[in-house]
Amino acid sequence: MPKSKRNRQVTLSKTKKKGRDHKETIVNGIKDAVEKYGCVYVFSFENMRNQKFKEFREQLKSSSRFFLGSNKVMQVALGRSASDEIRPGLHKVSKLLRGDSGMFFTNLSKEEVERLFKEFEEYDFARTGSIATEKVDLKEGPLEQFTHEMEPFLRKQGMPVRLNKGVVELVSDFVVCDEGKPLSPEAARILVSYFLLLPELL
């Protein structure tokens, strides 16, 4: 039987597109920052966590300003060539904006900036595709840190588990991840659940 054309999925959550106004706000913000701050640095990032970055940005709010967004928009704000740059030499900065990158405007000294970026370190759970730094294998037997409600979730992630008198039990040894290999989505979810319930191991 052919599918009914009336049976269509309708998305109820609509998000407003970031249009010209948003781009102009970024361009104007960058132009203001060029006037206000003495130095600009381009930084690159990988697997950035918004909350962690927010904390770092808040820490430097009084002396500096960060810009993240479309590289093309940031390049337009600075100027892409010597003929349209807003300050001498800024077109060279725009050429450094490639891939996952952002700009950091500040009045702090170079030594202070280097120190802040080197010292800022936050621990977080690895995401899918991240390279495992060590092998994690779970031994056969009871997994008492997990509640019985989590048994279906663990089984869904590929773990050989069963309920034994209300306790989650691992039927056989199970390797969650191997050192040097990328994490699968299932491995990433298991690690978050496992280590959240074992804070003393963190």
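User: What is the order of the strands in the open sheet of three strands?

Analyst: Strands (E, at least two residues) and helices (H or I, at least four) are DSSP runs, numbered from the N terminus. Two strands pair if DSSP finds at least two bridges between them. In this predicted model, local features need pLDDT of at least 70, side-chain atom pairs count only at pLDDT 80 or more, and totals for chains, interfaces and linings use all residues. Residues are numbered from 1 along each chain as its sequence is written, and side-chain values use heavy atoms, with hydrogens and water left out. Here the order is 1-3-2, and the pairing is antiparallel. Strand 1 (39-44) and strand 2 (64-68) are the edge strands, each pairing on one side only.

User: How many bridges join strand 1 to strand 3?

Analyst: Six bridges join strand 1 to strand 3 (residues 101-106). Within strand 3, F104 stands opposite Y41.

User: Where is Q157 found, and is Q157 buried or exposed?

Analyst: Buried means under 20% relative accessible area, exposed over 50%, and partly exposed in between, with a 1.4 Å probe and protein chains only. Q157 belongs to the loop between helix 6 (151-156) and strand 6 (161-164). Its relative accessible area is 8%, so Q157 is buried. In the protein chain, buried residues make up 31% of the 202 residues.

User: Which residues is Q157 in contact with, leaving aside its neighbours within four places in sequence?

Analyst: Contact means heavy atoms within 4.5 Å. With those neighbours left aside, Q157 is in contact with E186, R189 and I190.
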